[in-house]
Amino acid sequence: MADKDTPQEVAAKFIEKLKASPFVMIGLHDGEHSEPMTAQIDDDQPNTLFFFAGRDNRIAKGGAAMAQFVGKGHDFFACMAGDVSTSNDRTQIDKLWNNQVEAWFPGGKEDPNLTLLRFDIDSAELWETDISIGGRLKMLFGGTIRSDESSSHAVVNSIA
């Protein structure tokens, strides 16, 4: 797969896509299945995703984790490795709280089951599948896709 963009450009596109559709599958390295969660993004804390969860959620115990992302139009994919930990910082909860979160926690910010989890990303592999019109035609009718018709790929230690 050819790289049209720099790793920083691919990472910036990933953040845009994640903000537009903040849903990821995330799971710990403990043998349990991954589950869908809504990522909360704090621009002041790069390489970190936050999740509001119940204290009984399978990832709430924390540890090494992997998260996967698929963009709305299936035009971007990401796989992120890092660590999940509890971060019940009241200031952070206030900053990230929104109506969508409130719908899951009837007791609001004081809900006894509420916990804020942070996912500190150590590395990520990112794929942008923006193949050119010529490349798409070749996929339909046969032919070899040239590198300038292909998509971008990046392995990064930072998504910021």
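This is a predicted model: local features need pLDDT of at least 70, side-chain atom pairs count only at pLDDT 80 or more; totals for chains, interfaces and linings use all residues.
Of the 160 residues in the protein chain, 42% count as buried, where buried means under 20% relative accessible area, exposed means over 50%, and partly exposed is in between (1.4 Å probe, protein chains only). Residues are numbered from 1 along each chain as its sequence is written, and side-chain values use heavy atoms, with hydrogens and water left out.

**View 1. The whole chain, element by element.** The protein chain has four helices and eight strands; helices (H or I, at least four residues) and strands (E, at least two) are DSSP runs, numbered from the N terminus. Read from the N terminus, the order is α-β-β-β-β-β-β-α-α-β-α-β. Take the contacts (heavy atoms within 4.5 Å) between residues at least 6 apart in sequence: 70% of them join residues at least 24 apart. The accessible surface comes to about 8,800 Å², and 53% of that belongs to carbon and sulfur atoms. Those areas come from the Shrake-Rupley method with a 1.4 Å probe; for residues, only the protein chains shown count as cover.

**View 2. Strand 1 and its two partners.** Strand 1 (residues 23–28) runs antiparallel to strand 2 (residues 35–38), with four bridges joining them; two strands pair if DSSP finds at least two bridges between them. Across this pairing, Phe-23 stands opposite Thr-38 of strand 2. The hairpin has six residues between the strands, and Gly-31 there takes a positive phi near 95°. Strand 1 also pairs with strand 5 (residues 63–70), again in the antiparallel sense, over five bridges. Here Leu-28 sits opposite Ala-65 in strand 5. While you're looking at the strands: in a regular strand the side chains alternate between the two faces of the sheet.

View 3. Ser-21 lies in the loop between helix 1 (7–20) and strand 1. Is Ser-21 buried or exposed? Ser-21 counts as buried because its relative accessibility is 8%. Leaving aside residues up to four places away in sequence, Ser-21 touches Phe-69 and Lys-72.

View 4. The structure holds 11 salt bridges, each a side-chain nitrogen of Lys or Arg within 4 Å of a carboxyl oxygen of Asp or Glu. One of them joins the side chains of Asp-75 and Lys-17 at 2.7 Å, N to O. Asp-75 is in the loop between strand 5 and strand 6 (76–86) and Lys-17 is in helix 1, so the pair ties together parts that are 58 residues apart in sequence. Asp-75 is partly exposed at 25% relative accessibility, and Lys-17 is partly exposed at 29%. Asp-43 and Lys-19 also meet through their side chains, at 2.8 Å, N to O. With Asp-43 in the loop between strand 3 (40–41) and strand 4 (48–54) and Lys-19 in helix 1, this pair links parts 24 residues apart in sequence. Asp-43 is exposed at 57%, whereas Lys-19 is partly exposed at 43%.

View 5. Lys-95 and Asp-44 form a salt bridge at 2.6 Å, N to O. Lys-95 belongs to helix 2 (residues 90–96) and Asp-44 to the loop between strand 3 and strand 4, so this one ties together parts 51 residues apart in sequence. Lys-95 is partly exposed at 45%, while Asp-44 is exposed at 61%. Arg-90, Asp-94, Lys-109 and Glu-110 are linked in a salt-bridge network.
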